[in-house]
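Hi everyone, thanks for making time this morning. Let me put the structure up, and then we'll walk through its ligand sites and a few backbone details.

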Amino acid sequence: MAHISASVYTSHVPAIGATIDMGKTAEPYWQPLFKGYEFSKQWMKDNQPDVIFLVYNDHATAFSLDMIPTFAIGTAAQYTPADEGWGPRPVPMVQGHPELASHIAQSVIQQDFDLTIVNKMDVDHGLTVPLSLMCGQPEAWPCPVIPFAVNVVQYPVPSGQRCFNLGKAIAKAVKSFDANLNVQIWGTGGMSHQLQGPRAGLINKDFDNAFLDQLIADPAALAQKPHIDYVREAGSEGIELVMWLIARGAMSDVNESKAQPHVAHRFYHVPASNTAVGHLILKNA
Ligand code: DHB
Ligand code: FE
């Protein structure tokens with residue numbers, strides 16, 4: 001059967017993608033950030049999954065105010081990197097995994113989560129920047145990716161508790177797929193940032209590091225944090241962090257009361273554009 005081996009968490013700042021694409025990662029401003037991902041790129045090579053289930057948010061690229069799915073699963077064979085206004089990033093096409101994605105859709109919908117099925121979708125920096133940070137600049141991404149888009153852009157957005165429960169349902173779905181696949185689940189976006197209004201530029205290191213601590217040690221309690229706490233403490237775009245709870249809810253300590261996951265890597269860095277960058281790799285015990 002398929003199994004989830006690890007979860008990866010990372011911010012997705014668009015300027016990081018531009019910096020990689022323009023070959024400027026060694027510039028003094030960016031060098032400390034990319035140093036924090038050197039371990040991760042090697043870890044990806046040493047822990048190559050068969051499929052990545054990538055939880056991310058679309059930024060009014062594939063979806064707009066015309067149509068706002070709360071949770072959307074990509075069941076397509078491939079996805080094109082989006083044009084976000086200055087041309088599509090020069091990164092490989094994203095290959096999907098329609099069989100596993102359809103199975104997860106079937107299982108998770110029968111577990112009472114209403115997913116939107118997406119058979120055609122362009123993917124923006126929310127998905128491609130985490131891939132670049134973890135995989136570098138390959139000719140092709142190392143494995144198929146199932147994009148899972150969460151609405152954290154237009155209120156009302158899903159609660160942390162619902163995201164955590166959804167992660168549990170995804171774990172159950174993966175475990176019932178009849179093929180020996182090594183699946184990683186990634187939670188992306190965050191950490192503290194606010195892009196507009198009087199508080200634009202807000203960063204909260206204390207909140208971010210407490211979030212990382214609790215995500216590792218007590219995700220069930222973290223899942224109870226209300227929206228208003230994210231917005232107040234981590235800024236309006238800090239709400240992207242609820243997506244990390246989907247990945248964490250799929251880990252085996254939550255679902256089979258096994259030992260806590262191993263923290264393979266932890267990294268935190270400010271500044272990166274307007275965002276605090278956080279990153280974790282958790283390996284199932
Ligand atoms: C920035 C961060 C984001 O999460 C985003 O979607 C767009 C911009 C930033 O820090 O500039
Ligand atoms: Fe974002």
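Let's start with the shell around ligand 1: it divides into three nonpolar residues, seven polar ones and one charged one. In that count, Ala, Val, Leu, Ile, Met, Phe, Trp, Tyr, Cys and Pro are nonpolar, Asp, Glu, Lys and Arg are charged, and the others, Gly among them, are polar.

Before going further, a word on provenance: this is a predicted model, where local features need pLDDT of at least 70, side-chain atom pairs count only at pLDDT 80 or more, and totals for chains, interfaces and linings use all residues. Residues are numbered from 1 along each chain as its sequence is written, chains are lettered from A and ligands numbered from 1 in the order in which they are written, and side-chain values use heavy atoms, leaving out hydrogens and water.

So who is in that shell? The residues around ligand 1 are H12, V13, P14, H59, H125, H193, L195, E240, S273, N274 and T275, each with a heavy atom within 4 Å of the ligand.

Now the polar contacts, meaning pairs of N or O atoms within 3.5 Å. An oxygen atom of ligand 1 lies 2.7 Å from a polar side-chain atom of H59. For the side chain of H193, the distance from an N or O atom to a ligand oxygen is 2.8 Å, and for E240 it is 3.5 Å. On its own, ligand 1 exposes 290 Å², and the protein buries 89% of that (Shrake-Rupley areas, 1.4 Å probe).

Next, the metal. Which protein atoms are donors of the iron ion, ligand 2? They are H12 (NE2), H59 (NE2) and E240 (OE), at 2.1 to 2.2 Å. Donors here are N, O and S atoms within 2.8 Å of the metal (3.2 Å for Na, K and Ca), and with water not among the atoms, sites may look incomplete. The sequence spacing of the donor residues reads H-x46-H-x180-E. Helices (H or I, at least four residues) and strands (E, at least two) are DSSP runs, numbered from the N terminus.

Finally, the backbone. Most residues other than glycine have a negative phi, and most peptide bonds are trans. Here, G190 to M191 is cis, with omega near -10°, and M191 lies in the loop between β9 (182–188) and α7 (205–217). V270 to P271 is also cis, with omega near 5°; P271 is in strand β10 (residues 262–272).

Terms used. A polar contact is a pair of N or O atoms within 3.5 Å; within protein, one must be able to donate a hydrogen and the other to accept it, and residues adjacent in sequence count only if both atoms are side-chain atoms.
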